[in-house]
Each structure stands twice: as structure tokens, then as C-alpha cells.
Amino acid sequence: MYEELKDDGFEVIAVAQDTAGDAAAGPFYEAAKATFTTLIDTKHTLSALYGMVNVPTGVLIDEDGQVVRFDEGTYTREYQAGTLSFGTNDYLPIVRDWVARGAASEFVQEAAEIADSVGRRTDAEARADAAFRLATHFELQGDRERAVVYWRQAQELNPDSWNYHRQEWSYDPGSAGAKWFQKFQKLEGKPYYAPLRKP
């Protein structure tokens, strides 16, 4: 998709979020042979500022630097009737239409809708972010016992954040898949991603 739209002025910027930095995220960029801009957010600043709770999250930004669409997820995964599938293309027509039509695209969101998507951080979410930062600090210092205390606080204060869980699981990759599936099974009808909003 990227190559076919690049001549139309479309640029992809990928931001991996991992406290381990290039050691963790770099190999994925290399394996993908990424030809677009790749960044690594070791402090999860993007998630904190925009209230992102899952990946991948798609943000469309115009030539003036204005966010014109915000989606919690870019819908490479789909969950229906107890089955998780990969490789859906629901988001691709939105991107193509926006690249072709710009501000006239029916998929451009109003500022109020974008603000609603981002949301205003609650006190619990703010405290969760602080606990998450302490957890990663202690984890990187090798103090697993203290880190676990703050991992739990962050996850309990903001249970919807898959990012908090995913970052902790990255320090124990042997059990990460099982822990992800266990949390996934507890959704009980709640979507893994927010539904894709179309006009």
C-alpha cells in the first residue's frame, strides 16, 4: 500500500512503543524491510498523550500537521464469533480515499469526533500512567519485585490498556502468548478494537 500511494504524497511514520528501545523493536523493522520512517517511543509518550490503549492505532495527519482521523486500531485483526482473524483490509479503502480526495474525503472526521476518540483522561487513567512509568523504571533497574507492584496498579487502574499488559509481558516472552489469550478470552463480547467508524 505504501509504495502505491507514495507518489501521491502519502508518507507512513511507524512508531513502536517499547521501553527496551531498538533492541526490542529494531529487529521487527528490519524483518519488515521497512522503507518508511520508523521511530521508537521508549516512554510510551504517544499512548499517554492520545489515550491509545492498543496497537496498531491509526492516525491520519494532513499536510498542515492536523489530525484528520483517529482510529483505535487499524483493523489488521478482526474478532467475530469467537475467532480472531488477521489481514483484514477494512482500513485500506479509507486511506486510499483520503489520499485521493484530501479534506473532501467522507472519511475525514470533525475535530469534535477526534476529540471524542482521544477522550479526556480520567484521574484513574492519569494514576495508571504514573504507575506504568514507575513499573518500567523498576523493571529496567532489575527490581522485579517493585516493578510487579506498579504493573498491577497500572493494569487495575486502566484495565482497557493492552499496552500496559503487553509491555509487562515483553519481559517474560515465554508466557506472553498465553497471558494475551487469557486476557483476550475475558473480553466477553467487548471488542478488541473499537468498531471502525464509517459515514
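With a relative accessibility of 13%, Glu139 counts as buried, where buried means under 20% relative accessible area, exposed over 50%, and partly exposed in between (1.4 Å probe, protein chains only). The structure is a predicted model, in which local features need pLDDT of at least 70 and side-chain atom pairs count only at pLDDT 80 or more, while totals for chains, interfaces and linings use all residues. Residues are numbered from 1 along each chain as its sequence is written, and side-chain values use heavy atoms, with hydrogens and water left out.

Arg144 itself is partly exposed, at 32% relative accessibility. Side chains of opposite charge can pair when their charged atoms come close. A search of the whole structure finds eleven salt bridges.

Another of these pairs joins Arg152 to Glu168, with the closest N and O atoms 3.0 Å apart. Arg152 lies in helix H7 (residues 144-157) and Glu168 in helix H8, so this pair ties together parts that are 16 residues apart in sequence. Helices (H or I, at least four residues) and strands (E, at least two) are DSSP runs, numbered from the N terminus. Arg152 is partly exposed at 37%, whereas Glu168 is buried at 3%. Together, Glu139, Arg144, Arg152 and Glu168 are linked in a network of salt bridges.

Asp129 is buried, at 9% relative accessibility, and Arg133 is partly exposed, at 35%.

Helix H8 (residues 162-169) also holds Trp169, which is buried with a relative accessible area of 8%. Leaving aside neighbours within four places in sequence, Trp169 is in contact (heavy atoms within 4.5 Å) with Trp162, Ala176, Lys179, Trp180 and Lys183. Among the buried residues of helix H9 are Ala176, Trp180 and Lys183.

On the surface, Ile13, Val15 and Leu39 form a nonpolar patch, with about 250 Å² of accessible area together. Leu39 is found in strand S2 (residues 37-41) and is partly exposed at 41%. Patches are made of residues with over 30% relative accessible area and no salt bridge, like charges being joined within 9 Å and nonpolar side chains (Val, Leu, Ile, Met, Phe, Trp, Tyr) within 5 Å.

Notes
Areas by Shrake-Rupley, 256 points an atom, 1.4 Å probe, with all protein chains shown as cover. Salt bridge = Lys/Arg side-chain N within 4 Å of Asp/Glu carboxyl O.
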